Amino acid sequence: MRFIPLLIGCFLACFTLTAVAQKKPAYVSGKVVDENEQPIARVSVMILGRRAGAATSDSGTFRLQAPVDKAFAIVFSSAGYKTEQRNFLLNEKEEEYIVVRLEKGARQLDSVVVTDQRQRREAGLIVLNPKNAINIPSPTGGIESLIKVFVGSNNELTSQYSVRGGNYDENLIYVNDFEVFRPYLVRSGQQEGLSFINPEMARNVSFYNGGFQARYGDKMSSVLDIQYKKPKQFGGSAYIGLLEQGLHLEGTSRNNRFSFLVGVRNRSNRNLLSSQETKGNYVPSSADIQALLTYQINSRNSVELLGNLSQTKFTLVPEFSQLTTSVFSPFFSANLGLDIYFDGREEDSYRTNMLGLSWNQQLRRNLRLKWMVSHFGNDERESLDITGAYLFGERSFDKGKPDFGLIVNPLGAGLYQTFARNQLNIGVWNASHKGTLDLGKHYLQWGQTIEQQSIDDKLHEWEYRDSAGYNLPYNPNLFELSKVIKSKADLDITRLTGYFQDNIVFNDSTGFTLQAGVRYNYNTLNKEFLVSPRVGFSWKPGHWKRDMVFRGAAGLYHQPPFYRELRRYDGTINKDLKAQKSWQLSAGLDYNFKWVGRPWRLATEAYYKNMWDVVPYDVDNVRLRYFGENRAKAYAAGLEMRLFGELVKDAESWISIGFMRSREDLDKDTYYNYKLDSLNQPIDSTLTEGGWLRRPTDRLLTFGMFLQDYLSTNKNFKVYLNFLYGSNLPYNIPNSVKYRNALVIEPYMRIDIGFSALLLDSEKSNRRSHNPFRNFENIWATLEVFNLIDRANTISYLLIKDFSNSTFAMPNRLTPRLLNLKLVARF
């Protein structure tokens, strides 16, 4: 008898579904004519957001099945006529007859992103549309925000990212084949300025999250390869928002031999930082100018000049900070608070410049040579002198009491002072040659580079800490600072690198391709000679009905030390530091299919990285502090899945899911555990080895989603959603072997949403000759809501001692919910 209710429920559900399925459809019919009432044949008649539709007959008539009890729009389009849109809301079995008149005019074709088979056949390759960079809602914006959807993030204030268990220093960035660099002394995302990449100038964006070929440089994690536009006519764009403003212009000469591409940007995070837990006077500013000038000497020779000048300044006069956390345990539960009162200021300055000249030769139809010379300059200054007096204890959250929000049970009090006078100058001269030779089934690539790096820095940092009137570390006979770094470095390093690679296409019937190559690296600092063979393959079964490509890659990936890896915790330089080394494997598939009448693409990839001669490091916000010694081995293994498709027509969205485990084992990581008596005195000890521990970027699960949608009745109102989730991260006590992985940073979750409306399109602006906007292609207005769910994500911890010398970790939070307005115009 107990199955009778279940059977009745199933019957009612089936009956309901049957009734819904039998609902009678509605229809829209009519005729399409021109301005002279003449019928127009073969006009496309489509419901907005759907791929299926109809076309008018020779007499201009049509009849289209339509949704019931749901608002929808029908779009009428034909070559030589302006597009027309009509909105409807029909009942069951209703049919509406209309007459549509199309005006003469050039039909504006939708932009089409042409993709070749390369992104399906190369392991780890993700090809991005740079136009989405201006649309994705994110505090930093730019190309890097698109990348974070795939690789995850734990800090919305920085444009840096970690890939497959690596850190920020393991990523390569190229713009028009020139390698670009970032500032090195930046401590937090608050101090960061603009990314080098200007998305309004970008034409192609290729991102490799592993398995990249021998033609790319010597890093262990990823490659971001940017190609800027080659203008064919005059145009440009301008945007203004609460956080960032920008302008870009492009054009050519009358004979099309000379072209220019110029971009100017300015950014201020003041509105973003004013909502931080540390209150004070924030004055951040960042501006840059970039230019790409191209001259076609003749049909076989051309020259390009790429230049960039960027300056970022950050000034902070802190006043007050109020941190709060909760502790729950069988022994102690409380709402803990930390109130800090500041005195002092911080002033930072980061200036970078880059100038690159390239000469392109098309000697034969199948032979192309490129000669490049470039200089990168970096001038960084840090001036910091801040004193904080703090009170730590239990905070009252009873709104009915006058002490609401105050610390009612003090557990600790003290003072600390942070001082820094740091400066860094880096100069990199680079001369390179690259070539390609197309031999049909063999496509040869080679390159040779000589690079001179000059590093000159002076570091002077110290910290003083006082707890309950006692200096830390406590020594009754000597005044000691808790941290002192005083160091100078003057390094000149010459690097020689080169590669040779063959891309082989086997018989077309097999669908098999192979990329095999080798690169070498030598530097005069540690005189280490490295050889890195790399191979990749793809196979597309020709006899399969399903459109599926299998791909994989294997090789050695080594990373010679640069500036940050060389410096130990005490500031000294280790000139004998060897390159970090790894062998890596990756394999996956790419599957194209159709679902609900629309094309979709599923890409999956599994990978494994085995690393040795690893230089351990700690992460504090965006600052990486290396041990300066090759004293660890490590591994990373994971699985990634990405789904690309269109929820609605002409609006690509994607979802990315990643699973990963990354561990490291340090040499000489032994420490003593002490057994204490009732008087807290040690009576016995045990020698313990750390063993395999989580790496600072170890994250089990990452999830990213970027969705685009628009109203069913109007394509000119759009919505963009950016959703990021990452499971917890380990947090290490700085420069400590015993307390590595001692803390955990809670999962990072963030939702940003943007709403856009088209204010003006080219058809409306061209109606009158005296219209000041007649030459504008479009103008969009956007409202963005950052951190829609107002989640307090943690980026790091501040360690505080109480009166009994116990240590507590107070979380440093990231940004809360914030609104941003933006206006974008293209012409």
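Trainee: Before we start, what counts as a helix or a strand here?
Mentor: Helices are DSSP runs of H or I with at least four residues, strands are DSSP runs of E with at least two, and they are numbered from the N terminus. Please also keep in mind that this is a predicted model.

Trainee: Okay, how many helices and strands are in the chain?
Mentor: The chain holds six helices and 44 strands.

Trainee: Let's pick a helix: how many residues of H3 are buried?
Mentor: Helix H3 covers residues 143–151, and nine of its nine residues are buried, so the helix is largely enclosed by the rest of the structure. Among those buried residues are Glu-144 and Lys-148, as well as Ile-143, Leu-146 and Phe-150.

Trainee: Where else does a positive phi turn up, in residues that are not glycine?
Mentor: Arg-42 has one of about 60°, and Asn-787 has one of about 50°. As background, most residues other than glycine have a negative phi.

Trainee: Where do those two sit, and are they buried or exposed?
Mentor: Arg-42 is in the loop between S1 and strand S2 (44–47), and it counts as exposed because its relative accessibility is 63%, where the cut-off for exposed is over 50%. Asn-787 is in the loop between strand S41 (778–786) and strand S42 (794–801), but it is buried, with a relative accessible area of 0%.

Trainee: You mentioned S1, so which sheet is it in?
Mentor: S1 belongs to an open sheet of three strands, ordered S4-S1-S7, in which the pairing is mixed. Strand S4 (61–66) and strand S7 (95–101) are the edge strands, each pairing on one side only, and the twist from one strand to the next averages 25°.

Trainee: In which sense do S1 and S7 pair?
Mentor: Strand S1 (residues 26–33) and S7 pair in the parallel sense, over seven bridges, and Val-33 has Arg-101 in S7 as its bridge partner.

Trainee: How many residues lie between S20 and S21 in the hairpin?
Mentor: There are three residues between the strands of that hairpin, and Gly-440 takes a positive phi near 85° there.

Trainee: Changing topic, how many salt bridges are there?
Mentor: The count comes to 40 salt bridges. One of them joins Asp-698 to Arg-661, with the closest N and O atoms 3.0 Å apart. Asp-698 lies in the loop between strand S35 (692–694) and strand S36 (701–711), while Arg-661 lies in strand S32 (residues 651–666), so the pair ties together parts that are 37 residues apart in sequence.

Trainee: Is that pair buried or exposed?
Mentor: The two partners need separate answers: Asp-698 counts as buried at 0% relative accessibility, whereas Arg-661 is partly exposed, with a relative accessible area of 29%.

Trainee: What does Arg-695 form a salt bridge with?
Mentor: Arg-695 pairs with Glu-664, the closest N and O atoms being 3.4 Å apart. Arg-695 is in the loop between S35 and S36 and Glu-664 is in strand S32, 31 residues apart, and both partners are buried.

Trainee: Which residues form a network of salt bridges?
Mentor: Arg-164, Arg-551, Glu-605, Glu-640 and Arg-642 are linked in such a network.

Trainee: Last one, which residues make the nonpolar surface patch?
Mentor: Leu-242, Phe-755, Leu-783, Leu-819 and Leu-821 make a nonpolar patch of about 450 Å². Phe-755 lies in strand S40 (residues 748–761) and is partly exposed, with a relative accessible area of 40%.

Notes
Residues numbered from 1 in each chain as written. Predicted model: local features only at pLDDT ≥ 70, side-chain atom pairs only at ≥ 80, totals over all residues. Heavy atoms only, no water. Pairing = 2+ DSSP bridges. Buried < 20%, exposed > 50% of the residue type's maximum accessible area, 1.4 Å probe, protein only. Patch = residues over 30% accessible without salt bridge, like charges linked within 9 Å, V, L, I, M, F, W, Y side chains within 5 Å. Areas by Shrake-Rupley, 256 points an atom, 1.4 Å probe, with all protein chains shown as cover. Salt bridge = Lys/Arg side-chain N within 4 Å of Asp/Glu carboxyl O. Axes fitted to C-alpha atoms, helices over the stretch in contact; angles between N-to-C directions.
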